[in-house]
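Subject: Structure handover

Hello,

Here is the structure I promised to pass on. Please open it first, then read the notes below.

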Amino acid sequence: MRISVIGCGYLGAVHAASMAEIGHEVVGIDVDQRKITALCAGRAPFYEPDFEQLLARALEAGRLSFSTDVTDAAGAQVHFLCVGTPQKHGEYAADLRFVQAAAESLLQVLAPGDLVVGKSTVPVGTAAELAAMFGEKVPGALLAWNPEFLREGFAVRDTLHPDRLVYGLPPDGDGVTAERLLDEVYAPIVARGTPKVTTDHATAEMVKTAANSFLATKISFINAMAELCEATGADVKLLADAIGYDDRIGRKFLNAGLGFGGGCLPKDIRAFMARAGELGADQALTFLREVDNINMRRRIRMVELAREVLDGSLLGKRVAVLGAAFKPDSDDIRDSPALNVAAQLQLQGAVVCVTDPAAVENSRREWPHLDYAATPEEAAADADAVLVLTEWRQYRELDPAAFGELVRQKRVLDGRNALDREAWTAAGWTYRALGRRAG
Ligand code: UDX
């Protein structure tokens with residue numbers, strides 16, 4: 001099939017290359033020349049394991065091309081909308097500017113019988129508006145909503161091996177046609193029996209925001225328990241293990257620590273609350289405000305803990321921050337809890353040095369006033385405290401004995417409950433973590 005993908009950010013670029021991988025002829029469109037130049041040259045404009053190999057294969061097979069000119073999407077039968085929906089500046093609501101611009105640009109190439117497939121995370125009701133717009137301007141064009149659940153760091157695997165497919169379809173015969181086209185697009189995924197939910201536009205849009213709200217709630221739940229553990233001397237990690245054995249609860253997404261960040265969970269729960277307000281149903285989601293509050297409190301608590309460990313004052317203390325990305329295996333620093341904590345520490349007088357295996361370049365651009373080091377060893381030189389704020393494998397595997405030689409004071413704060421407490425304490429470190437007793 002000929003497919004176009006409008007928007008070649010995280011979601012779009014991975015989707016375009018994945019669709020080429022399963023045999024389609026794909027063109028990726030983006031207004032950002034820098035991104036398109038990199039992708040054409042087989043370079044990923046972001047850090048994502050496995051993506052460059054996938055990209056190289058698709059380019060070499062001649063099934064994938066990229067362009068800044070939307071008219072290159074002409075002739076494609078299916079057009080995926082993969083643009084971003086960031087949080088509006090100073091508001092909770094999602095900014096739909098890019099979705100609207102992408103949809104309008106598609107009008108230049110859309111033909112009757114074509115299918116537009118929305119993948120972006122949008123406020124419920126957006127698909128209905130777009131369907132009405134396309135229906136008026138290009139009668140016979142169809143619209144489906146097909147949310148994406150990929151995680152950064154696992155984007156290729158999640159796209160090629162999703163745990164479910166969700167099709168939000170138009171009513172009646174149009175829905176049958178749209179479903180047939182989507183089944184053709186995802187043929188190998190459908191063939192292996194991947195669960196498929198076919199529904200209407202609104203439900204499909206909500207599936208995505210509901211899933212992310214649930215995940216955020218799970219993290220904030222365990223972080224609320226961490227607050228109580230701190231108050232009582234209980235251990236949140238063991239608590240999570242113990243409740244996680246109940247398979248109605250499950251252990252996944254119960255890692256207490258600095259909480260969630262990134263380009264999805266924080267802005268999605270806020271946009272969901274804003275949309276509920278517009279629909280007069282804000283009471284249904286007031287709990288999400290608390291989810292957000294608990295999450296933000298973790299960052300403040302981390303700074304307090306650092307102050308506590310540093311004998312009550314941050315002034316002039318040298319602090320090494322290990323991790324800047326919002327999570328490991330990513331160079332994404334959007335709403336990164338690690339950088340938020342680093343900046344707070346600096347603001348309160350600490351001398352902060354940040355390191356990260358992938359995100360230093362992005363961090364330097366967005367947070368130029370922080371100091372950076374290329375390696376954890378360099379960051380930790382003469383440090384009074386080491387804070388592990390993103391649980392990269394490299395940091396989990398540090399040798400606490402050798403690392404201890406570099407610092408001024410062997411004090412480690414584990415913001416992600418990721419280190420081996422026994423090994424660090426055995427090597428003479430004072431170990432502190434969120435939701436756990438001092439080690
Ligand atoms: C998320 C959803 O998982 C994905 O399905 C959706 O499509 C996009 O949003 P992503 O933002 O890539 O994906 O990261 P995810 O792995 O979900 O982690 C989100 C944040 O939660 C990270 O900051 C992570 O550190 C934090 N987290 C995750 C915890 O604090 N504890 C956990 O137990 C799990």
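A word on terms first: helices (H or I, at least four residues) and strands (E, at least two) are DSSP runs, numbered from the N terminus. Residues are numbered from 1 along each chain as its sequence is written. This is a predicted model: local features need pLDDT of at least 70, side-chain atom pairs count only at pLDDT 80 or more, and totals for chains, interfaces and linings use all residues.

The ligand

Helix 9 (residues 201-232) is the biggest giver to the shell around the ligand, with 3 residues. That shell has 19 residues, and Glu152, Asn255, Phe260, Gly262 and Cys264 come nearest. A residue is near a molecule if its C-beta atom, placed from the backbone, lies within 6 Å of it. By class, the shell holds 10 nonpolar, 6 polar and 3 charged residues. Here Ala, Val, Leu, Ile, Met, Phe, Trp, Tyr, Cys and Pro count as nonpolar, Asp, Glu, Lys and Arg as charged, and the others, Gly among them, as polar.

Domain 1 (2-194) and domain 2 (240-433) both give residues to this shell, so the ligand lies between them. The domain bounds come from an automatic or database domain assignment.

The whole chain

The protein chain has 18 helices and 14 strands. Its radius of gyration is 23 Å, close to the 22 Å that the globule rule gives for 439 residues, so the chain is as compact as a globular protein of that length. The radius is taken over C-alpha atoms, and the rule is 2.2 Å times the number of residues to the power 0.38. Along its principal axes, the C-alpha trace spans about 70 × 50 × 40 Å.

Buried residues make up 49% of the 439 residues. Buried means that 20 or more other C-beta atoms lie within 10 Å of the residue's own; exposed means 12 or fewer, and partly exposed is in between, with C-beta atoms placed from the backbone.

The two domains

The C-alpha centres of domain 1 and domain 2 lie 33 Å apart. Their contact takes 13 residues from domain 1 and 15 residues from domain 2. Two residues are in contact if their C-beta atoms, placed from the backbone, lie within 7 Å. The side of domain 1 that touches domain 2 has 9 nonpolar, 3 polar and 1 charged residues.

Annotated residues

UniProt places the feature "active site" (unreviewed entry) at Cys264. UniProt positions are given in the numbering used here, feature names are shortened, and annotations may be inferred rather than shown by experiment. Cys264 sits in the loop between helix 10 (236-244) and helix 11 (265-278). It counts as buried, with 25 C-beta neighbours inside 10 Å.

The UniProt annotation "binding site" (unreviewed entry) covers several residues, including Leu150 and Lys327. Leu150 lies in the loop between strand 6 and helix 6 (155-160). Leu150 is buried, with 21 other C-beta atoms within 10 Å. Lys327 is in the loop between strand 9 (318-322) and helix 13 (337-347). Lys327 is buried too, with 20 C-beta neighbours inside 10 Å. Leaving aside neighbours within four places in sequence, Lys327 is in contact with Glu152, Gly153, Gly262 and Thr390.

An exposed glycine

Gly140 is exposed, with 12 other C-beta atoms within 10 Å. Gly140 is found in the loop between helix 5 (126-137) and strand 6 (142-145).

Best wishes
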